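Colleague: I would like a close look at a single part of this protein. Please take it slowly, as I am new to reading structures.

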Amino acid sequence: MRPRNLTGDSFFAWDGDILVVNVLGKPSAKRDAIHQPLGTQLKISVTASPEGGRATDHMVRFLAPLFGVSVAEIEVVFGQTNVNKQLRIHRPQRLPDVFGAMPVSARREKVLAAHTGVGSKKRR
């Protein structure tokens, strides 16, 4: 069973090869942009209006090439019609700078090692 708040005190977490991201959406912005995290949410502005979930759909289309995935590989877990959202990005091929400088594959391995203990022991 997955913990209720997978991301803990961060705006993102890895669930295997899926990147889970908490988002604070800003519809009707002047430009599409990823901003710095605000607490446990990543602020993302989009130009689309918030009517009928259009801003969320636009956000997913904006984010897909930034993560190197297709639109179908980004799942809106909750918040389709709300500014507070959670996204699950399946097998991202790259990460925007706000996620840090470590390559995607190295981050996954680090998270898996922390959860399973694999690779955490030093050889003598």
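How many residues does the largest nonpolar core have, and which of them have the most contacts inside it?

Modeller: The model is a predicted one. Its largest nonpolar core has 24 residues. Those with the most contacts inside this core are Leu19, Val21, Ile44, Leu63, Phe67, Ile74 and Phe99. Two or more residues each come from β1 (12-15), β2, β4, α1 and β6. The element that gives the most is α1, with 7 residues.

The protein contains 2 helices and 6 strands, and along the sequence they follow the pattern β-β-β-β-α-β-β-α. Of the 124 residues in the protein, 38% are buried.

Helix α1 takes up residues 54-67, which is 14 residues. From its first C-alpha to its last it reaches 20 Å, close to the 20 Å expected at 1.5 Å a residue. The buried residues of α1 are Ala55, Thr56, His58, Met59, Val60, Phe62, Leu63, Ala64 and Phe67. What covers them includes the strands β2 (18-26), β3 (33-38), β4 (41-45), β5 (74-78) and β6 (84-90). After the helix comes Gly68, with a positive phi near 70 degrees.

Setting aside neighbours within four places in sequence, Phe67 is in contact with Leu19, Ile89, Pro92, Gln93, Arg94, Leu95, Pro96 and Phe99.

Strand β6 is one of the elements that give two or more residues to the core, and it deserves a look of its own. 5 of the 7 residues of β6 are buried, so this strand is largely enclosed by the rest of the structure. It runs antiparallel to β2, with 7 bridges joining the two. In that pairing, the bridge partner of Val20 is Arg88 in β6. β6 also runs antiparallel to β5, here with 4 bridges, and Val76 stands opposite Leu87 in β6. β5 and β6 form a hairpin with 5 residues between them. In the turn of this hairpin, Gly79 has a positive phi of about 95 degrees.

Gln86 lies in strand β6. Its relative accessible area is 14%, under the 20% cut-off, so Gln86 counts as buried. The side chain of Gln86 makes a polar contact with the side chain of Asn22, at 2.8 Å. Not counting residues up to four places away in sequence, Gln86 touches Val20, Val21, Asn22, Glu75, Val76, Val77 and Phe78.

Most residues other than glycine have a negative phi. Arg91 is not a glycine, yet its phi is positive, about 50 degrees. Arg91 lies in the loop between β6 and α2 (104-116), and it is partly exposed at 40% relative accessibility. Ser28 is not a glycine either, and its phi is positive at about 55 degrees. Ser28 is placed in the loop between β2 and β3, where its relative accessibility of 47% makes it partly exposed.

Conventions:
Residues are numbered from 1 along each chain as its sequence is written. This is a predicted model: local features need pLDDT of at least 70, side-chain atom pairs count only at pLDDT 80 or more; totals for chains, interfaces and linings use all residues. Side-chain values use heavy atoms; hydrogens and water are left out. The expected span of a helix is 1.5 Å times one less than its number of residues. Buried means under 20% relative accessible area, exposed over 50%, partly exposed in between (1.4 Å probe, protein chains only). Contact means heavy atoms within 4.5 Å. A nonpolar core is a set of buried Ala, Val, Leu, Ile, Met, Phe, Trp, Tyr and Cys residues joined through side-chain atoms within 4.5 Å. A polar contact is a pair of N or O atoms within 3.5 Å; within protein, one must be able to donate a hydrogen and the other to accept it, and residues adjacent in sequence count only if both atoms are side-chain atoms. Two strands pair if DSSP finds at least two bridges between them.
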